Amino acid sequence: MSFSKLSSLVYSTETGRLCPVCEQPVAECNCKKNAIPEGDGIVRVSRETKGRKGAGVTLVKGVLATEEDLKQLCSLLKKRCGVGGAVKDFVIEIQGDKRDQVIAELEKQGYKVKRAGG
Ligand SMILES: [Zn+2]
C-alpha cells in the first residue's frame with residue numbers, strides 16, 4: 001500500500017462516516033435534514049419490548065417525510081397519547097404500547113397504516 005493511500009485511509013477514519021450524497025462528514029452535512037426515505041408508502045406500526053422497560057415502545061416506520069415533518073408528527077402523536085416520544089433515523093418512537101391510538105390518529109391524518117409484528 002502506498003503512503004498516499006494509507007494517509008487517505010487515516011483521514012477518512014478520523015473524519016468518521018462520510019455522507020454518500022455530498023461526501024462531507026455526516027456530522028457536518030445537511031442532506032439528512034432534507035432527505036426523505038424511500039418506501040412503499042405504507043406506515044407500519046409495531047411494538048418493541050426488547051431492551052425496554054415496562055410496556056416497551058410503539059414504533060412508527062415508513063412515513064415518507066423529512067425528519068422535520070416526522071418530528072411534527074411525533075409531537076402530535078405524543079399529545080394524542082399523552083406520553084413522550086422521539087424520532088430516531090426516520091422512525092417515530094412513542095413511549096408505551098399506544099398502537100391503537102397511534103394507528104387511529106395516523107389514519108385520521110390520511111396515512112395508509114398497517115399493524116406490524118407482535
Ligand atoms: Zn450530505
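Biologist: In what order do the elements of the protein chain run from the N terminus on?

Modeller: This is a predicted model, and its protein chain has four helices and five strands. Read from the N terminus on, these elements follow one another as α-α-β-β-α-β-β-α-β.

Biologist: In what order do the five strands stand in the open sheet?

Modeller: Strand 1, at residues 42-48, and strand 2, at residues 57-61, run antiparallel and are joined by five bridges, with Val-45 having Val-60 as its bridge partner in strand 2. Strand 3 and strand 4 also pair in the antiparallel sense, over four bridges. Taken as a whole, the open sheet has mixed pairing, and its strand order is 3-4-2-1-5.

Biologist: Which strands stand at the edges of this sheet, and why is one side of each left without a neighbour?

Modeller: Neighbouring strands of the sheet are turned by 25° against each other on average, direction ignored. Each of the edge strands has a single partner strand, so one side of it has no neighbour in the sheet; the two are strand 3 (85-88) and strand 5 (112-115).

Biologist: Which residue in the turn between strand 3 and strand 4 has a positive phi of about 50°?

Modeller: Within the pairing of these two strands, Ala-86 has Glu-93 as its bridge partner in strand 4. Strand 3 and strand 4 form a hairpin with two residues between them, and the one in the turn with a positive phi of about 50° is Asp-89.

Biologist: Is Phe-90 buried, partly exposed or exposed?

Modeller: Phe-90 lies in the loop between strand 3 and strand 4, and its phi is positive, about 70°, although it is not a glycine. Most residues other than glycine have a negative phi. A residue needs 20 or more C-beta neighbours to be called buried, and Phe-90 has 19 of them inside 10 Å, so it counts as partly exposed.

Biologist: How does Glu-23 count, as buried or as exposed?

Modeller: Glu-23 lies in the loop between helix 1 (3-15) and helix 2 (31-34), and it is a residue other than glycine with a positive phi, near 60°. Because Glu-23 has 8 C-beta neighbours inside 10 Å, it counts as exposed.

Biologist: How far apart are the end C-alpha atoms of helix 3?

Modeller: Helix 3 (residues 67-81) lies across strand 3 and strand 4, running at about 160° to strand 3, and it is followed by Gly-82, whose phi is positive, near 70°. At 1.5 Å a residue, the 15 residues of helix 3 should span 21 Å, which agrees with the distance between its end C-alpha atoms, 20 Å.

Biologist: Within what arc do the buried residues of helix 3 fall, seen down its axis?

Modeller: The buried residues of helix 3 are Leu-70, Leu-73, Cys-74 and Leu-77, and their cover includes strand 3, strand 4 and helix 4. The face turned away from this buried side carries the exposed residues Glu-68 and Lys-79. An α-helix has 3.6 residues a turn, so residues three or four places apart point the same way. Seen down the axis of helix 3, the buried residues line one face of the helix, because they fall within an arc of 110°.

Biologist: Which element supplies the largest share of the largest nonpolar core?

Modeller: The largest nonpolar core has 14 residues, and those with the most contacts inside it include Val-43, Val-60, Val-63 and Ile-92. At least two residues of this core come from each of strand 1, strand 2, helix 3, strand 4 and helix 4 (99-108). The largest share, four residues, comes from helix 3.

Biologist: Which residues does Val-63 touch, not counting residues up to four places away in sequence?

Modeller: Val-63 is among the residues with the most contacts inside the largest nonpolar core, as are Leu-73 and Ile-92. Not counting residues up to four places away in sequence, Val-63 touches Val-43, Leu-70, Leu-73 and Ile-92.

Biologist: How far apart in space are Leu-59 and Ala-116, C-alpha to C-alpha?

Modeller: Leu-59 is found in strand 2, where it is partly exposed, with 19 other C-beta atoms within 10 Å. Not counting residues up to four places away in sequence, Leu-59 touches Ser-46, Glu-48, Val-91 and Glu-93. Leu-59 and Ala-116 are 57 residues apart in sequence, and their distance in space, C-alpha to C-alpha, is 9.5 Å.

Terms used:
Residues are numbered from 1 along each chain as its sequence is written. This is a predicted model: local features need pLDDT of at least 70, side-chain atom pairs count only at pLDDT 80 or more; totals for chains, interfaces and linings use all residues. Two strands pair if DSSP finds at least two bridges between them. Axes are lines fitted to C-alpha atoms, for helices over the stretch in contact, and angles run from 0 to 180 degrees between N-to-C directions. Two residues are in contact if their C-beta atoms, placed from the backbone, lie within 7 Å. A nonpolar core is a set of buried Ala, Val, Leu, Ile, Met, Phe, Trp, Tyr and Cys residues joined through C-beta atoms within 7 Å. A residue is buried if 20 or more other C-beta atoms lie within 10 Å of its own, exposed if 12 or fewer, and partly exposed in between; C-beta atoms are placed from the backbone. The expected span of a helix is 1.5 Å times one less than its number of residues. The arc is that of the directions from the helix axis to the C-beta atoms.
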